[in-house]
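Colleague: I have the sequence and the model open side by side. Please take me through the model by question and answer, with the cut-offs stated.

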Amino acid sequence: MHIKLDARVIGQAEMLRQLHGMTGQEAARAYAKALNDVGFEVRRAMQGEMRDVFDRPTDYILRSPRVKMATAARLSVTIEPAYMGGKGVDPQKILNAQSWGGRRSDKRSEVALRRAGILPTGLQTAIPTSPYPGSDDGRGNLKGSFLVQIISYFQAFGEQGYRANMTDKRKRAIHKGSKRSTGRRYFVSYGAQRGGARMTAKGEPDQRTQHLAPGIWAASGTGGVDVRPVILFVKQGNYQPRLDMDKVAKRADAESYLARRIHFRIREAAGV
């Protein structure tokens with residue numbers, strides 16, 4: 001989103017500049033401050049709109065809108081989601097899809113699972129309605145550390161991350177469990193796809209899993225009788241438009257707020 005001085009505000013600002021005997025450069029600095037005031041107000045409005053229209057947005061998404069501040073030489077302020085690098089999906093891709101609608105891009109975990117031949121083409125991952133214990137972050141998403149364990153368990157890290165793939169010793173420890181966590185084995189089920197049943201440790205078809213929905217499951221308890229979904233494989237998601245930037249601008253009352261801040265910043269610069 002860009003905010004620039006319109007003709008009405010320019011006229012008002014020029015009149016104030018002349019009234020207070022300011023130079024053009026002094027006025028430009030005041031205008032830039034006023035634009036930046038509005039930029040941060042719009043950012044707050046955008047965050048408020050995201051809280052209203054999104055289902056439990058993460059702090060990562062809420063913090064993503066950044067203000068590219070105006071200067072005396074460039075009287076324009078920009079508010080847009082910015083990717084700061086590191087882990088996670090570029091928030092611009094997420095928010096663009098939420099603004100315009102369209103197919104959800106694959107997450108990094110999905111790319112890894114698909115590359116390893118675990119996640120079928122055309123499907124993406126979803127958290128079960130009743131999340132597996134210790135797997136969710138309370139916002140409808142899987143914890144990053146839990147996802148790393150799953151990807152590592154299935155040896156799904158690529159060549160650059162091969163050292164992160166789980167050793168047999170570590171797998172045995174997960175199977176055995178500890179005082180803090182129940183022993184469990186993860187396995188993949190494809191339901192009616194790929195013949196349905198998984199293979200047992202002995203390399204035999206396990207008919208007990210043939211009815212399970214496609215996804216990654218965990219078996220725990222004596223003889224693996226407690227079977228629960230961990231990650232489900234579902235059809236590729238599509239976003240419906242939710243984030244309306246015109247509504248965000250109205251929520252911030254950007255135009256009238258800019259006029260007020262110009263008046264304040266010019267008076268401030270003039271020492272009035």
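Colleague: Does Gln155 count as buried, partly exposed or exposed?

Modeller: This is a predicted model, where local features need pLDDT of at least 70, side-chain atom pairs count only at pLDDT 80 or more, and totals for chains, interfaces and linings use all residues. Residues are numbered from 1 along each chain as its sequence is written, and side-chain values use heavy atoms, with hydrogens and water left out. Buried means under 20% relative accessible area, exposed over 50%, and partly exposed in between (1.4 Å probe, protein chains only). Gln155 has a relative accessibility of 38%, so Gln155 counts as partly exposed.

Colleague: What is phi of Gln155?

Modeller: Gln155 sits in the loop between H6 and H7, where helices (H or I, at least four residues) and strands (E, at least two) are DSSP runs numbered from the N terminus. Most residues other than glycine have a negative phi. Gln155, a residue other than glycine, has a positive value, near 55 degrees.

Colleague: Which loop residue has a positive phi of about 50 degrees although it is not a glycine?

Modeller: The residue lies in the loop between H8 and H9.

Colleague: Is Ala156 buried or exposed?

Modeller: Ala156 belongs to the loop between helix H6 (144-153) and helix H7 (168-176). Contact means heavy atoms within 4.5 Å; beyond its neighbours within four places in sequence, Ala156 is in contact with Ala112, Leu113, Arg115, Ala116, Ile151 and Asn165. Leu113 is 43 residues from Ala156 in sequence, but their C-alpha atoms are 5.9 Å apart. With a relative accessible area of 3%, Ala156 is buried.

Colleague: Why does H6 count as largely enclosed by the rest of the structure?

Modeller: Phe146, Leu147, Gln149, Ile150, Ile151, Ser152 and Tyr153 of H6 are buried. The buried residues pack against helix H5 (108-115), H7, strand E6 (184-189), strand E9 (215-220) and strand E10 (226-235). H6 is largely enclosed because the number of its ten residues that are buried is seven.

Colleague: How many salt bridges are there in the model?

Modeller: Side chains of opposite charge can pair when their charged atoms come close. A salt bridge is a side-chain nitrogen of Lys or Arg within 4 Å of a carboxyl oxygen of Asp or Glu. By this rule, the count of salt bridges is seven.

Colleague: How far apart are N and O in the salt bridge of Arg17 and Glu14?

Modeller: Both residues lie in helix H1 (residues 7-19), three residues apart, or about one turn of the helix. An α-helix has 3.6 residues a turn, so residues three or four places apart point the same way. Arg17 is buried at 18% relative accessibility, whereas Glu14 is partly exposed at 29%. The N to O distance between Arg17 and Glu14 is 2.7 Å.

Colleague: Which residue forms a salt bridge with Arg265?

Modeller: Arg265 counts as buried at 16% relative accessibility. In this salt bridge, the closest N and O atoms are 2.9 Å apart, and the partner of Arg265 is Asp37. The pair links distant parts of the chain, 228 residues apart: Arg265 in helix H9 (residues 254-270) and, in helix H2 (residues 24-53), Asp37.

Colleague: Is H2 oblique or parallel to H9?

Modeller: Axes are lines fitted to C-alpha atoms, for helices over the stretch in contact, and angles run from 0 to 180 degrees between N-to-C directions. Angles under 35 degrees count as roughly parallel, over 145 as roughly antiparallel, 65 to 115 as roughly perpendicular and the rest as oblique. H2 and H9 pack at about 140 degrees, with their axes 8 Å apart. That makes the relation of H2 to H9 oblique.

Colleague: What share of the 272 residues of the protein counts as buried?

Modeller: The protein has nine helices and eleven strands. Among contacts between residues at least 6 apart in sequence, 61% join residues at least 24 apart. Of the 272 residues, the share that counts as buried is 39%.
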